[in-house]
Amino acid sequence: MEQGRRQTVAMERALNFEVGGEQLLGILHPATVFVASTETSAAAGAAIPARAEAATAAGAIETHRGLLLVVGGPQYRVGSHRQFLLLARHLAAAGIPVFRFDYRGMGDSSGPQRDFEQINDDIRAAIDCFQAESPGLQEVVIWGLCDAASAALFYAWQDPRVSGLVLLNPWVRTEEGLAKAYLKGYYLRRLLSRDFWTSLVSGRVNPLNSLRSLAAMVRQVASAGRPSSASGSVGGNTNVDADSDAKVASRTAGASRTAGASRTTGVSGTMAVTSATKEQQGRRLPPGPLPERMAAGWQRFTGPILLILSGDDLTAAEFRDVAAQSPAWQGLLEAPRVTRRELPEANHTFSRQVWRDQVADWTRDWLSSST
């Protein structure tokens, strides 16, 4: 007997919206609807029950929550290894609408390139567009990798429409933190590697150069307490994995730190769409190094958070160190509202299909369980 269940795919749509006189491009992935037809089995003479769905003519279903995918660094809406595109289609097929977009200066959006601390207006406008094109959408979960995760923490607490965060390998870069991450994640692994000692004996590795590099990292760690000169990123989502050489792009501090009022509604709550008041716009996160400001954003945002960390990535290693050692981060990752997932073999951008699929499944399951 035919099951009578068919998939109606909602058409992906390109949307243009404006921020500060610049034109931004986004792709809307409406939720896919599954419709069960009431066909009659010739053998059994019985009707197959239909599953009721509120569907539009385009095949999309109305849902109260969607996912906004914010890109990080010198990246655009497709993502490394097409990760963002594939994730959006995966979630849409599970009934979760997704909107991914290029913020100003990236991809197909106009304007000069900007730092991740300067995209609050872009995120707000993207949510406005997402809601305007998605009937019934009341709340949004922001998904961000690397400095997009950092941008999400800076923005989320000021907008009551944001009901949850999915943060992957958050960027908390400081000179001291990077040096510590290299000592633990790179040099220690090198010393324990058979290939390193084989190369050393065969003469393929210059021990003096290795010692100079190690000494420089030790001096950097010894200078703890100095504020980082790399609190932001124009370069952004650079793939710096734990097994790479010490080649890190310089990152410049962003000048804009827009803030707002904290929110108290959970993921499952129904929230009205409101604009930031003048009082909200006048509030700011406290000044300080990037990790401390990110901790403040984490504290002010009271909704649930899914944290996904790679095991073979210096950015993730630095975040772990900061979360474990910085007083500003004490207890934040252990809060009941935080779900933590680890992919021990994955690199920064989850370049293998098995890693991308795992991230997609974790995201889908977390969103579904939070309904």
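**Notebook: salt bridges, a core and a covered strand**

I began with glutamate 133, which has a relative accessible area of 32% and is therefore partly exposed, the band for that class lying between 20% and 50%. I keep in mind throughout that the structure before me is a predicted model.

Entry on charged pairs. I searched the whole structure for salt bridges and found 13. Which residue forms a salt bridge with glutamate 133? I found arginine 13 there, with the closest N and O atoms 3.1 Å apart. Arginine 13 belongs to strand β2 (residues 13-19), while glutamate 133 sits in the loop between α2 and β7, and I note that this pair links distant parts of the chain, 120 residues apart. When I looked up arginine 13 itself, I read a relative accessibility of 32%, which makes this residue partly exposed.

I next turned to glutamate 117, which forms a salt bridge with arginine 293, the closest N and O atoms being 2.7 Å apart. Because glutamate 117 lies in the loop between β6 (98-101) and α2, and arginine 293 in helix α8, the pair ties together parts that are 176 residues apart in sequence. Are these two residues buried or exposed? I found that glutamate 117 is buried and that arginine 293 is buried as well.

A further salt bridge that I looked up joins the side chains of arginine 161 and aspartate 159, at 2.9 Å from N to O. Arginine 161 is buried at a relative accessible area of 2%, and aspartate 159 counts as buried at 3%. I also noted that Arg77, Asp102 and Asp108 are joined into one network by salt bridges that share partners.

Entry on the core. I then asked which members of the largest nonpolar core, a set of 80 residues, touch the most other members. They are Leu68, Phe99, Phe101, Trp143, Leu165 and Trp298. The largest share of this core comes from helix α3 (residues 147-156), which supplies eight residues. I set beside this a general point, that nonpolar side chains tend to be buried together in soluble globular proteins.

For tryptophan 298 I listed the contacts, leaving out residues up to four places away in sequence, and found among them Leu153, Leu167, Ile305, Phe319, Trp329 and Arg337.

Entry on helix α3. I checked how many residues of α3 are buried, and the count is ten of the ten, so this helix is largely enclosed by the rest of the structure. The buried residues include Asp147 and Ser150, as well as Leu153, Phe154 and Tyr155. Against which elements do the buried residues of α3 pack? I found β5 (65-70), α2 (120-132), β7 (139-145), β8 (162-168) and α8 (290-300).

Entry on strand β5. I followed β5 next, and found that six of its six residues are buried, which leaves the strand mostly covered. Both faces are covered, with Arg65, Leu67 and Leu69 buried on one side and Gly66, Leu68 and Val70 buried on the other. I looked up the neighbouring strands by their bridges: six bridges join β5 to β7, and these two run parallel, while four bridges join β5 to β6, also in parallel. Leucine 67 has valine 141 of β7 as its bridge partner, and leucine 69 stands opposite arginine 100 in β6. From β5 the chain crosses through helix α1 (residues 83-93) to β6, and I recorded this β-α-β crossover as right-handed.

Definitions and conventions. Residues are numbered from 1 along each chain as its sequence is written. This is a predicted model: local features need pLDDT of at least 70, side-chain atom pairs count only at pLDDT 80 or more; totals for chains, interfaces and linings use all residues. Side-chain values use heavy atoms; hydrogens and water are left out. A nonpolar core is a set of buried Ala, Val, Leu, Ile, Met, Phe, Trp, Tyr and Cys residues joined through side-chain atoms within 4.5 Å. Buried means under 20% relative accessible area, exposed over 50%, partly exposed in between (1.4 Å probe, protein chains only). Contact means heavy atoms within 4.5 Å. A salt bridge is a side-chain nitrogen of Lys or Arg within 4 Å of a carboxyl oxygen of Asp or Glu. Two strands pair if DSSP finds at least two bridges between them. A crossover is right-handed if, with the strands pointing away from the viewer, the path from the first strand over the helix to the second runs clockwise.
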